[in-house]
Amino acid sequence: MGEFWPVADALEYLTGSWRTERTVRDLASGDEGRFSGTTAFGRLEGGGLLSRETGTFVWHGVPRPAERTLRFLPGGTPGTADVRFADGRPFHALDLSSGHHVADHPCAADLYRGEFTVLDADQWRTVWRVGGPAKDLVLTTEYTRRTEDGRGAGRTGH
């Protein structure tokens with residue numbers, strides 16, 4: 001792979017519904033979990049997108065419902081986004097103009113470093129590396145755009 005797919009407008013690219021598959025690896029213990037669900041990016045009044053992720057997270061063989069809500073607001077430069085938690089606290093900036101972006105988010109004593117890669121018009125990936133005194137994690141998420149019939153678009157065999 002190694003090639004990035006440039007995106008002129010991050011908010012426009014993300015709009016819609018995505019099949020979401022995530023692995024969570026604890027590098028200290030070797031434990032691994034999986035999240036499977038959807039992420040819907042819907043328009044916010046006044047500009048931006050509301051991202052709602054819903055699905056099932058399986059950890060140590062136990063499935064649990066999981067959800068997350070983020071706000072993707074227009075960034076300081078056209079085509080970029082300012083990502084915020086649901087309560088408005090800042091999370092990170094997002095610039096997909098090159099098809100690749102790295103963002104840092106300090107959280108207490110931990111550092112979250114996210115790498116965003118756009119693979120094509122219907123697929124993108126994030127890899128978050130979380131390090132700190134109590135955490136040593138890698139979270140890898142694959143997003144595939146859902147078609148109107150609810151199935152994923154994009155490449156097969158992925």
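# Strands, pairs and a cavity

The largest cavity in this predicted model has a volume of about 130 Å³.

Student: What makes this space a cavity and not a pocket?

Tutor: The test is whether a 1.4 Å probe fits but cannot get out. By that rule, the count comes to one cavity of 30 Å³ or more.

Student: Which residues line the largest cavity, and which lie nearest its centre?

Tutor: The lining has 15 residues, and R68, L70, F72, W124 and Y143 are the ones nearest the centre. To belong to the lining, a residue needs an atom within 4 Å of a point of the cavity.

Student: Which strand gives the most to that lining?

Tutor: That's strand 4, with four residues. At least two residues each come from strand 2, strand 3, strand 4 (62-74), strand 6 and strand 9 (123-131).

Student: How do the lining residues divide into nonpolar, polar and charged?

Tutor: Eight are nonpolar, five are polar and two are charged. Watch out for Gly here, since it goes with the polar group.

Student: OK, on to the strands. How do you know that strand 1 and strand 2 pair?

Tutor: You need at least two bridges for a pair. Strand 1 (residues 16-26) and strand 2 (residues 32-43) have 10 bridges, in the antiparallel sense, so they count as a pair. To find your way around, look for W18, which stands opposite T39 in strand 2. Five residues lie between the strands in this hairpin, and among them G30 takes a positive phi near 85°.

Student: Why is strand 6 or strand 7 called an edge strand?

Tutor: Start with the order of the open sheet, 6-5-4-3-2-1-10-9-8-7, with antiparallel pairing. Strand 6 (90-94) and strand 7 (100-107) each have a single partner strand, so one side of each has no neighbour in the sheet. From one strand to the next, the twist averages 20°.

Conventions:
Residues are numbered from 1 along each chain as its sequence is written. This is a predicted model: local features need pLDDT of at least 70, side-chain atom pairs count only at pLDDT 80 or more; totals for chains, interfaces and linings use all residues. Side-chain values use heavy atoms; hydrogens and water are left out. Axes are lines fitted to C-alpha atoms, for helices over the stretch in contact, and angles run from 0 to 180 degrees between N-to-C directions. On a 1 Å grid over the protein atoms alone, a cavity is a set of points where a 1.4 Å probe fits but cannot get out, and a pocket is an open set with protein on both sides within 12 Å along at least five of seven lines; lining residues have an atom within 4 Å of a point. Grid points are joined across faces, edges and corners, and a volume is the space filled by probe spheres set on the points.
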